[in-house]
Amino acid sequence: MAPYLKPCHKKHNFSACAMESAKYAIPFLLAGDRNLGLPSFSPMEIPLIEVRGSGDFKVTLKNIKVYGLENVKPLVIDVDFEKRKAHVLSTIPTLIITAEYKVEGHILIFALNGDGPANLTLSDGIYTYDFEWTLEKRHGEQHAKIVKSNFDYKLKHVKYYFKDVIKGDRLLSDRINQVLNENWEVVDEDLRDSVRQTLLIIHDDLFAKVFTRIPIRFLFLDD
C-alpha cells in the first residue's frame, strides 16, 4: 500500500480523518504513482475530448493540458458504509485548460468554423462527486468497484479564448470571444452536460485505479 494513503476507522470520526488523509495524499497522487498506474496530473494531459452543445454546435479539443489540480481542497467527504455510497465536495481556485481546438456549428447568434489554440480559465469551482460501490474479490482480497457515479460543478466565472474562431477574420474572432465571455453563464449552461461527463470520467478513472490496486480493508478500517 502506498505510504501516503492513510486508512481511517469507519466508526471513529471517519469524515474528519478522511479529510486529513485526503489533504495529505492529494499532492502525492497528483504527482503520479507508477505502482498505482497514475500519471502525473501537474498538468493533467488528455489526448481528445469532444464537447457538444445544443443544436449542431461541437468543439473537438486535442492535446489538452489541465493546470491547477494541485490546488484542489476537499471540503466534505461523507461515506455511508451500509449503503456503500460516498459524497465528495471539493474546490479549486483556478483551473486553466489549454488545447488545440476545432469548432463548428452555432452558439448564441454565431456560426463558427475555426480552429487553433484555445484557453479556458475556470475560477472558484465547487465540484461534487458522488459514487456507489460494490465489492469484488481479487487475489483473495475484497476490493471496491464503482458501479454508479455522478458529477456536478458550479463556477464563479469562466473565461474563454478561441483564436481564429472565425477562420481568416481576426477582428470578428476577437469580437466573438468578447461576447462569449460577456455571456459565459449561457455558454457554460449550453456545454454543461458534455463538460460534466468529461469530468466524471476523469474522477471515475482516478478512484478506480486506487480501488483496483488497494484492498478495501487497507482504506477503511473496521476497528
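Trainee: What should I know about the model and its numbering before reading anything off?

Mentor: This is a predicted model, where local features need pLDDT of at least 70, side-chain atom pairs count only at pLDDT 80 or more, and totals for chains, interfaces and linings use all residues. Residues are numbered from 1 along each chain as its sequence is written, and side-chain values use heavy atoms, with hydrogens and water left out.

Trainee: How many helices and strands in the chain?

Mentor: Four helices and 10 strands. Helices (H or I, at least four residues) and strands (E, at least two) are DSSP runs, numbered from the N terminus. The order from that end is β-α-β-β-β-β-β-β-β-β-α-α-α-β.

Trainee: And what does the C-alpha trace span?

Mentor: About 65 × 30 × 30 Å along the principal axes of the chain.

Trainee: What percentage of the residues is buried?

Mentor: Of the 223 residues in the chain, 43% are buried. Buried means under 20% relative accessible area, exposed over 50%, and partly exposed in between, with a 1.4 Å probe and protein chains only.

Trainee: Switching to strands, how do β2 and β3 pair?

Mentor: Strand β2 (residues 44–52) pairs with strand β3 (residues 58–67) in the antiparallel sense, over eight bridges. Two strands pair if DSSP finds at least two bridges between them.

Trainee: What about the turn between β2 and β3?

Mentor: The two strands form a hairpin with five residues between them, and G55 in the turn has a positive phi of about 65°.

Trainee: Next, D188. Why does D188 count as buried?

Mentor: Because its relative accessibility is 9%. D188 belongs to helix α3 (residues 184–213).

Trainee: Which side chain does the D188 side chain make a polar contact with?

Mentor: That of Y153, at 2.8 Å. A polar contact is a pair of N or O atoms within 3.5 Å; within protein, one must be able to donate a hydrogen and the other to accept it, and residues adjacent in sequence count only if both atoms are side-chain atoms. Leaving aside neighbours within four places in sequence, D188 is in contact (heavy atoms within 4.5 Å) with Y153, L155 and Y160.

Trainee: Last one: is F14 buried or exposed?

Mentor: F14 is buried, with a relative accessible area of 9%. F14 is found in helix α1 (residues 14–31). Beyond neighbours within four places in sequence, F14 is in contact with C8, H9, V79, F81 and F220.
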